[in-house]
Amino acid sequence: MCGIVGFTGKSNAAPFLLDGLSRLEYRGYDSAGIALLNNGEIKTEKTVGRIKSLIDKTENGKTVDGFLGIGHTRWATHGAPSVENAHPHTSTNGKFAVVHNGIIENYLSIKEKLKSEGVIFSSQTDTEVIPHLLNKYYDGDLALTVKKVIDLLEGSFALGIICSDYPDTLVAAKKFSPLIVGISKECNIIASDVTAIASTTKDIIYLEDGEFAILTPNSADFFGNDGKKIDKEISKITWDVSASEKGGFDHFMMKEIFEQPNAVKQTLSGRIKSGEVVFEGFNLTAEKVKNIKRIVIIACGSAYHAGIVGKYVIEDMTRIPCEVDLASEFRYRNPIIDENTLTIVISQSGETADTLAALNEAKRLGSHTVSIVNVVGSSIAKASDDVIYTLAGPEIAVATTKGYSTQIAVMYLFSAWLSKKLGSLSDEEIAAFLENVKALPQKIEETLKQNEFLSEIAKNQINTNSLFFIGRNIDYAVSLEASLKLKEISYIHSEAYSAGELKHGTISLIEEGKTVIALACFERLSDKLLSNIKEVKARGAYVITCTTNGNDTFNQESNEMIYVPDVDRRLIASVEVIPFQIYSYYVSLHKGCDIDKPRNLAKSVTVE
Ligand code: G6P
């Protein structure tokens, strides 16, 4: 949700802090702040709104000197977006400043106790207890004090801490929220996300839960759960920093839409060998596969929609019953899971709190867990028995596009892999399916060519306040994602309906001029869908239909037609989703919305 950064080095900290926060802004963007230590005094600057206001307020960092500092971009959980609630938070005497990502679950009891001891709070946040606790327990030894305080905190946190007695020391601590240390000759830095680090150094160290680090410009010491010094391994950031920049596009979302052919190609690359799928180092053995009676897919948001596509493909190819569950429902439902259930969790960020908790619950109940994750080294990747990375590169726009496309690409690979292990399809059938999978990057590339036409038809929707998507089978699964895409970035109310279900109530909402977007690529179901289109048309709907090239079944009944390449129907989601990502983008653009950072949303939801 929120983003944090920290710097200790041989030059001013502000340029890194402001640049890092700008790169992290997609994680949360209702307020921001920085704190720098200079001449033994901590100075904080905070603003409500985007990082731009903080940059303006500090004249691009010129008004805040200091070689040591921390910064934060916030997505409010406790207390409204305001200057008081923005981080960094400080102890009353100004000795400690803290930035925090996560939620301190026991903050109320700590706050009450501190208040009874005379501490005055200036915000409604859970975070503010931390600087006050640090101040209370401080005995001159920073490392020991930090250890004492983090042991008192329940919940999740990634913390950046500075103390006015330590002019060059940055402290970082982590529990259930991502935190990465960047190491270089000029400075040592921290951030909640590699995108903020990659332009400064490629050498990074992932902190594990319960660990903390004490950093100076020339040293980096790491401590384990028991407070004892530990050695940590340095990893390399493998992608280029330009991957997290706009590269000539006006918005990250459009850049990421156009990156999809390559992202899918990367995800498939090296995993299809001699007509079968190979997952290196997999712990799910052929023997375990034979015992699988049921598959449960768990995710949130678009990843959940990718899971629904997966259900159709897995069931079709393996004949194993497959359910898809929302992580937030699964974890509190007393789910029926055992060692014969395979659990698949899908998450772009690998940090979604509900998905991580659901994964742990499935593990506890004895299920083998496979995660499909984009961010290497993320909490979900680490917690699962097996991980298949999507290799989409960094995704910055809040509305996912290449994340979703690469997730469904992995679902195809996994379905083929399972089919082979189970013998549910012949080797020839699997090889033919995989040939079609390999052709997808090219087919997606072709689909992207409709960019301008989609911009034109998007103009008709700027005054719409509500519309429907309908479809059947995988067309329905794609409708869910198309509808979410449109509503999250254009703020138009939109619902996806299984086409056959509309007449059981919701059709009462169809009236003259109401837009209905029909996804109609399954020709096996063309007649059925045509009937559903006629039902809404008869009630005055404005119909936009998406089908495959050369199919003229729907022309008569549709006001607009969108065509996508003709591919193996099990793979149709990969091409069918593309026009609706672009369409949503243009509706949002024509309406003047903030495409990359839609209101109230955050890229990575690390709270329940
Ligand atoms: C947020 C994002 C969505 C994303 C969902 C799940 O709501 O805005 O785009 O689909 O979280 O995120 P994950 O990182 O687990 O895929």
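What distance separates the centres of domain 2 and domain 3, taken over C-alpha atoms? It is 26 Å.

Some background before the rest. This is a predicted model, where local features need pLDDT of at least 70, side-chain atom pairs count only at pLDDT 80 or more, and totals for chains, interfaces and linings use all residues. Residues are numbered from 1 along each chain as its sequence is written, and side-chain values use heavy atoms, with hydrogens and water left out.

The domain assignment, which is automatic or from a database, gives domain 1 (3-240), domain 2 (252-438) and domain 3 (450-591). I will stay with domains 2 and 3.

On contacts, meaning heavy atoms within 4.5 Å, 25 residues of domain 2 meet 23 residues of domain 3. Together the two domains bury about 2,000 Å², with 69% of that on carbon and sulfur atoms. Buried area here is the accessible area (1.4 Å probe) that two parts lose on being put together, summed over both. Of the area that domain 2 buries against domain 3, M254, H305 and Y312 supply 26%, more than any other three residues.

Next, the salt bridges: a side-chain nitrogen of Lys or Arg within 4 Å of a carboxyl oxygen of Asp or Glu. Between domain 2 and domain 3 the count is 0.

Now the helices, which are DSSP runs of H or I, at least four residues, numbered from the N terminus. On the side of domain 2 that touches domain 3, α6 (252-258), α9 (301-318), α13 (402-422) and α14 (427-438) each supply at least two residues. α9 gives the most, with 9 residues.
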